[in-house]
Amino acid sequence: MPLILASYKLWSELETASRAKFVWNCGFMTISEQTDSRLAKAKECADATGIAYEILDGREAGRRYPQHRFREDDFVLFDGMGGLYASEYAIACAAAVAEEAGAVIHRDARVDRILPDEEGVTIVAGDRSFRVGRVVVTTGGWASELLPEVNDVLMPKRTWQSWYFAEDPEQFLPERFPPFGRTFDGVRFHGAPTIDRRFVCIGAVEELPERIVDNDPTGPRVLPDMSIVNEYVQEYFNGLRSDPVRVMPALDGYTVDDNPIIGVHGASPRVVVLCGFSGHGFKLAPVMGQIAADLVLTGGSGQLIDELKLERFDVSSQRSSV
Ligand SMILES: Cc1cc2nc3c(=O)[nH]c(=O)nc-3n(C[C@H](O)[C@H](O)[C@H](O)COP(=O)(O)OP(=O)(O)OC[C@H]3O[C@@H](n4cnc5c(N)ncnc54)[C@H](O)[C@@H]3O)c2cc1C
């Protein structure tokens, strides 16, 4: 939680620096049966940190949020600290502020190898190479390509997001329809309000079955079977059309304990690793940037990250790339 609070402050500073709005402090709803462990965990976390929250039963939640169709046995924990990020816009703003401050971004460089030695690090990207003092590896779900030693403890996981047409977009704006996570029948759904005043984004965290469409003239394509999400939209929402207008894949790296890997690489003090955010990394991004900078400059961090080192796993059997 201290990391999240530190991050919120930095997001706000970034909004000010870039004269932009990409955060909506509209709260977050955890929806589930009363006995579900996620509800208990959200409550425990809010109690421990003093975050204001409300618990509503299905009937009261239905009155307040008529866009959802709640079940009789649903409970909703509304946490006022949660919110919505326009993630791509936020990243573009962060990149612009970094460039204004003198950073150089090589947008078209795919890194193939990282070669640290006593004096520095060589980064190989195609036919180019860069010589630097230290390197920070933040390649998300692709981390094991550069760091094979994380192979056994970090799984890339592809999730699909879909966007549904809102018949009355005013009802699905952040202040009326906060982002939510909803668990039932073993599936974790999540959704976010509209910020373009047209489409509402809904997805399922579980991996959806994928199918190959091989009669495409441009070559085989992999498409998800979205029926589980479409049926959820049809049954549990008012005012959304249940056939998606857009479907997009996204990838993140999930560790075996769902906690990220953060720290200086055991094999070279010149390599800092931050990956494995397991579906929770976006809100933490600015504070992770600060931690990375501290690790590069001083080898340590004022934040409590000791338990997040790669060494908490037994990765000795994997050949190190560094
Ligand atoms: C659908 C979805 C919803 C999510 N919702 C939330 C949420 O509500 N709240 C939250 O906090 N988090 C959320 N997350 C998780 C969050 O987005 C991730 O945890 C976070 O983006 C991980 O950051 P990262 O820097 O480790 O990886 P990424 O954001 O994946 O960034 C890795 C980057 O490295 C690049 N890359 C990979 N290999 C190479 C290479 N060899 N050379 C050069 N570049 C390379 C990739 O192109 C990519 O740009 C969500 C994720 C998904 C997929």
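Helices here are DSSP runs of H or I with at least four residues, numbered from the N terminus. With that in hand, we can walk through this structure, which is a predicted model. Let us start with helix α4, which covers residues 87–100 and so has 14 residues. From its first C-alpha to its last, α4 reaches 20 Å, close to the 20 Å expected at 1.5 Å a residue. After α4 comes G102, a residue with a positive phi, near 110°.

Now step back to the whole chain. The protein chain is divided into domain 1 (1–22 + 88–105), domain 2 (28–81), domain 3 (111–153 + 256–312) and domain 4 (157–251). Between the C-alpha centres of domain 3 and domain 4 the distance is 32 Å.

Next, look inside. The largest nonpolar core holds 30 residues, and the members that touch the most others are V76, V200 and V233. Two or more residues of this core come from each of β2 (28–33), α2 (37–49), β4 (74–79), β13 (199–204) and α6 (227–236). Why does this core lie between domain 2 and domain 4? Domain 2 (28–81) and domain 4 (157–251) both give residues to the core, so it lies between them.

How many residues surround the ligand? There are 21, and the closest are G140, A250, F277, G281 and F282. At least two residues of this shell are supplied by each of α5 (143–146), β10 (154–165) and β16 (246–255). Domain 3 (111–153 + 256–312) and domain 4 (157–251) each contribute at least three residues to the shell around the ligand.

Let us finish with one glycine, G300, in the segment after α7 (285–298). Is G300 buried, partly exposed or exposed? A residue is buried if 20 or more other C-beta atoms lie within 10 Å of its own, and exposed if 12 or fewer do. G300 has 13 C-beta neighbours inside 10 Å, so G300 counts as partly exposed. Leaving aside neighbours within four places in sequence, G300 is in contact with D294 and L295. Finally, compare G300 with C275: they are 25 residues apart in sequence, and their C-alpha atoms are 17 Å apart in space.

Terms used: Residues are numbered from 1 along each chain as its sequence is written. This is a predicted model: local features need pLDDT of at least 70, side-chain atom pairs count only at pLDDT 80 or more; totals for chains, interfaces and linings use all residues. The expected span of a helix is 1.5 Å times one less than its number of residues. Domain bounds come from an automatic or database domain assignment. A nonpolar core is a set of buried Ala, Val, Leu, Ile, Met, Phe, Trp, Tyr and Cys residues joined through C-beta atoms within 7 Å. A residue is near a molecule or strand if its C-beta atom, placed from the backbone, lies within 6 Å of it. Two residues are in contact if their C-beta atoms, placed from the backbone, lie within 7 Å.
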